[in-house]
Amino acid sequence: MPKRRLSYSKTNQNMLSMKRLLLLLLSVLCCCCIYAQRTAVVTATATYEAPLNMSPMEAEYEAVRHAQINAIAREFGTIVTSESHNYMRENSNTSSDDFFSYGEMDVCGVWLETIGDTIWQPARREGGMVVYDVKLKGRIREIVSTPPDVHYTFMYNGTDPKLNRMRNSTFYEGDQLYFNFSSPVDGYLALYLVDHNNSMTTQRLLPYPAQSDGAYFIKADTTYTFFSEPDAEPFVKDSMIELLLGCESDHDFNQFYIIFSPNQFTRANDHKTADIDCRQLPPSTDYASFQKWLSRNRRRDKDMFVEKIVVAVVKP
């Protein structure tokens with residue numbers, strides 16, 4: 001009997017040790033997974049000084065962007081480069097100098113969604129600048145993997161990326177829009193346009209309006225030129241649309257959202273827009289619904305690439 005008890009005790013000890021080891025390994029794996037998906041809820045603030053020739057809409061966009069970048073930098077670390085441009089346009093009677101800017105960011109995190117309302121203090125004039133104070137709360141996620149190294153070019157009135165590349169982040173009214181895209185991996189692409197001058201209406205440009213696909217399938221190492229009938233793939237010849245850019249004022253701002261992922265996703269829930277002046281308009285949704293859809297997808301897909309490009313459309 002004593003020998004049996006001794007043997008039974010050793011077996012239990014070995015099993016207990018193995019269980020402890022397995023639990024330890026599982027704990028380490030869980031910690032690694034949690035760390036890889038690490039998110040945080042942060043409060044972002046910024047004081048942005050805008051030149052007098054910058055529109056209030058563009059200044060507010062820049063203020064929010066700076067606030068988000070600062071919050072990500074504090075939490076995860078951020079490397080940011082930004083560039084600003086003055087655009088001079090002239091006609092026979094007048095000339096004017098318009099300001100706009102865009103940024104290229106190499107960040108260690110991504111802003112997933114804004115929580116609650118964005119709080120603004122009344123804009124104030126200080127010297128030759130207008131000062132904007134903004135405060136917002138949001139959820140951010142650390143970037144622990146490199147997104148696909150995609151390449152894209154917006155072009156006007158032609159499909160040669162060297163000759164027809166978008167001029168200084170600006171289009172003229174009546175320009176025909178083309179979009180060049182390639183990826184080193186298979187994946188899915190969507191392209192949206194936010195009209196800042198029309199209640200932030202968000203239009204779906206890709207997949208094409210007549211397509212039922214959730215996103216446009218992209219084959220690796222293949223260059224696509226969209227909105228060009230000669231370059232359209234056979235299965236979208238009947239679905240393809242051509243895009244002419246218009247503006248309501250002398251100088252409109254719009255924002256492109258380029259969304260790509262190696263993982264399949266479904267487009268936002270949009271609806272057909274009524275035609276205006278015999279022109280077919282792309283399907284659209286409201287900006288708040290679009291942002292909710294985008295935030296939901298970014299939370300679930302750590303490989304999703306999202307690029308926001310602000311462009312100006314001016315009257316020639």
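Mentor: Strands here are DSSP runs of E, at least two residues long, numbered from the N terminus. The model is predicted. With strands numbered this way, N157 falls in the loop between strand 7 and strand 8 (170–172).

Trainee: How many helices and strands are there in the protein?

Mentor: There are three helices and 17 strands. Of the contacts with a separation of 6 or more, 73% are between residues 24 or more positions apart.

Trainee: Which residues have the most contacts inside the largest nonpolar core?

Mentor: In soluble globular proteins, nonpolar side chains tend to be buried together. Here the largest nonpolar core has 33 residues, and F154, F171, F179, F226, F227 and F256 have the most contacts inside it. Several strands supply at least two residues each, including strand 7 (151–156), strand 10 (187–195) and strand 15 (251–261). Strand 17 gives the largest share, four residues. Apart from this core lies another, of 20 residues, with A44, M54, A71 and Y132 among them.

Trainee: What does F227 touch beyond its neighbours in sequence?

Mentor: Leaving out residues up to four places away, F227 touches a list that includes F179, L191, L205, M240 and L243.

Trainee: Which residues other than glycine have a positive phi?

Mentor: N157 is one of them, with phi at about 55°. D221 is another, with phi near 60°. D221 lies in the loop between strand 12 and strand 13.

Trainee: Is D221 buried or exposed?

Mentor: D221 is exposed, because its relative accessible area is 67% and the cut-off for exposed is over 50%. N157 counts as partly exposed, at 44%.

Trainee: Where is the cis peptide bond, and what is its omega?

Mentor: The bond from L206 to P207 is cis, with omega near -5°. P207 lies in the loop between strand 11 and strand 12.

Conventions
Residues numbered from 1 in each chain as written. Predicted model: local features only at pLDDT ≥ 70, side-chain atom pairs only at ≥ 80, totals over all residues. Heavy atoms only, no water. Core = buried A, V, L, I, M, F, W, Y, C linked by side-chain atoms within 4.5 Å. Buried < 20%, exposed > 50% of the residue type's maximum accessible area, 1.4 Å probe, protein only. Contact = heavy atoms within 4.5 Å.
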